[in-house]
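Subject: Structure handover

Hello,

Here is the structure I said I would pass on. Please look through it first; my notes follow below.

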Amino acid sequence: WAMFGMRQHHDWTFFAFSLVLAQTIVVYLLAALVLPDFFGEAPVDLREHYYGHRRWFFALLVMLIVASLAKGWVISGHLTDSADLAFHLVFALTGVVGMLTADNRCHEYISAFTAVGIGTYIATLFTHLA
């Protein structure tokens with residue numbers, strides 16, 4: 001969906017395309033990190049897996065935010081508008097907090113805050129899709 005919005009961009013450079021690919025690669029790595037590699041006969045403790053990989057997960061989340069901002073800057077020639085930038089910075093800060101703390105209650109708040117934040121982000125900035 002986001003890449004479809006770039007269909008009118010004709011002045012591609014290798015660096016700009018690399019940033020688009022970097023964003024896609026980071027999303028793939030995040031998806032690969034969410035669940036354990038295999039489900040065998042032994043029970044899998046998803047809480048243990050989550051906290052064992054939380055630093056990598058949230059570091060990749062921050063990398064995704066940086067790649068998103070860099071891609072927008074390189075393709076359009078300027079940083080995104082202030083509302084979009086504010087959402088990016090809040091999500092990046094949330095990622096840093098998630099990376100630095102292992103407190104269960106904090107991660108429960110992070111998941112609820114992020115769900116509401118993403119819904120608000122989409123409702124606020126993407127009401128018109130053209």
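A surface patch here is made of residues with over 30% relative accessible area and no salt bridge, with nonpolar side chains joined within 5 Å. Please keep in mind that this is a predicted model.

One nonpolar patch on the surface is formed by Trp12, Phe17, Leu21, Ile25, Tyr28 and Leu29. Together these residues have about 600 Å² of accessible area. Leu29 is part of helix α1, which covers residues 14-34. With a relative accessible area of 39%, Leu29 is partly exposed, because partly exposed is the range between buried, under 20%, and exposed, over 50%.

Trp12 counts as partly exposed at 35% relative accessibility, and Phe17 is partly exposed at 41%.

Next, the aromatic rings. Rings pair if their centres lie within 6.5 Å, and planes over 60 degrees apart count as edge-to-face. The count comes to six aromatic pairs by this rule. One of them joins Trp12 and Phe17: the ring centres are 6.3 Å apart and the planes stand at 90°, so this pair is edge-to-face.

Tyr50 and Tyr51 also pair edge-to-face, because their ring centres are 4.9 Å apart and their planes are at 85°. Tyr50 is partly exposed, with 30% relative accessibility. Tyr51 is partly exposed as well, with a relative accessible area of 21%.

Finally, Phe87, Phe91 and Tyr121 are linked into a cluster by ring pairs.

Regards

How values were computed:
Residues are numbered from 1 along each chain as its sequence is written. This is a predicted model: local features need pLDDT of at least 70, side-chain atom pairs count only at pLDDT 80 or more; totals for chains, interfaces and linings use all residues. Side-chain values use heavy atoms; hydrogens and water are left out. Patches are made of residues with over 30% relative accessible area and no salt bridge: like charges are joined within 9 Å, nonpolar side chains (Val, Leu, Ile, Met, Phe, Trp, Tyr) within 5 Å. Accessible areas come from the Shrake-Rupley method with a 1.4 Å probe; for residues, only the protein chains shown count as cover. A salt bridge is a side-chain nitrogen of Lys or Arg within 4 Å of a carboxyl oxygen of Asp or Glu. Helices (H or I, at least four residues) and strands (E, at least two) are DSSP runs, numbered from the N terminus. Buried means under 20% relative accessible area, exposed over 50%, partly exposed in between (1.4 Å probe, protein chains only). Rings of Phe, Tyr and Trp (its six-membered ring) pair if their centres lie within 6.5 Å; planes under 30 degrees apart count as stacked, over 60 as edge-to-face and the rest as tilted.
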